[in-house]
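Opening the notebook on this one. I want to look up strands first, then rings.

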Amino acid sequence: GIFGELKTLPIAEAHAIGLAAGLAKGGFKPVVAVYSTFLQRGYDQIIHDVCLQNLPVVICLDRAGLVGEDGPTHHGVFDISYLRHIPNLVVMAASTPAELEEMLEFAIDLNRPVAIRYPKGSAPSALSAAPRPPIELGEAEILKNGMDLAIISVGSMLSTALKVADILSKNKVETTVINARFITPLDEELLGNILRDIKKEVTLEEGVLEGGFGSAVLEFMERENIRDVRVRRIGLP
């Protein structure tokens, strides 16, 4: 697909992550390309070999989200939940091919563990063509402003969020659309400002709801004692 030619690893994911950790310890900056669903096989190595040592390993999660005819064993719907709580790990989600390229360059320069999720298939050309602000650690971007509702989208769901905002605008509901970019760390400054100014929020992600990005937003609200905002999480069961 348009999202690149990074290939999966053949049934050796745990070894691949462990080997990448060893290479990083030896001064390299390895990039591990693997389907989201198969990265689960290397979970122990992600935690103990890479992240607890804070090593500069970049993990590219292909097929993050639903994968159609590839079937249920290949749906990459759990990675947000199983990655976002790991110490030292930065987790990003690309909404366009150009953003994926920028995230990969950013990740290699960051010199710490990074995971980048991106979907199977193509991206809407309108999104790909638009100029975008550079990637900065833990910073989301606002693509549309409105005071009635805020949609905070993750990765592949950005085009859907923008379509929904257009439909709502025709019905006199003006929507702010945010491209989260970072699952962890959250853009807490932007999120706090949005939650202060807009009292109805929707989180939109192509992953399971339990422990997902929407859960991270609710956890932030609990930490900050924000109680006067309604949040609707939309994702997969």
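This is a predicted model: local features need pLDDT of at least 70, side-chain atom pairs count only at pLDDT 80 or more; totals for chains, interfaces and linings use all residues.

For me, buried is under 20% relative accessible area, exposed is over 50%, and partly exposed is in between, with a 1.4 Å probe and protein chains only. Strands here are DSSP runs of E with at least two residues, helices are runs of H or I with at least four residues, and both are numbered from the N terminus.

Residues are numbered from 1 along each chain as its sequence is written, and side-chain values use heavy atoms, with hydrogens and water left out.

Which strands does β4 pair with? I found strand β2 (residues 58–62) running parallel to β4, joined by four bridges; two strands pair if DSSP finds at least two bridges between them. Ile 59 has Ala 115 of β4 as its bridge partner. Strand β3 (residues 90–93) also pairs with β4 in the parallel sense, over four bridges, and there Met 92 is partnered with Ile 116. I then followed the chain from β3 through helix α5 (residues 97–110) to β4, and this β-α-β crossover is right-handed. Right-handed means that, with the strands pointing away from the viewer, the path from the first strand over the helix to the second runs clockwise.

**The five-strand sheet**

Next I looked up an open sheet of five strands, in the order β5-β7-β6-β9-β10, with mixed pairing. Its edge strands are β5 (141–144) and β10 (230–236), each pairing on one side only. Inside this sheet I checked β6 (residues 149–153) and β9 (residues 200–208), which pair in the parallel sense over four bridges. Ile 151 has Val 202 in β9 as its bridge partner.

**Aromatic pairs**

How many aromatic pairs are there? I get three, counting rings of Phe, Tyr and Trp (its six-membered ring) with centres within 6.5 Å; planes under 30 degrees apart are stacked, over 60 edge-to-face, the rest tilted. Tyr 35 and Phe 38 have ring centres 5.7 Å apart and planes at 10 degrees, so I logged them as stacked. Both are buried.

Tyr 43 and Tyr 82 have centres 5.7 Å apart and planes at 90 degrees, so this pair is edge-to-face. The pair links distant parts of the chain, from Tyr 43 in helix α3 (residues 43–51) to Tyr 82 in helix α4 (residues 79–83), 39 residues apart. Tyr 43 is partly exposed at 25% relative accessibility, whereas Tyr 82 is buried at 11%.
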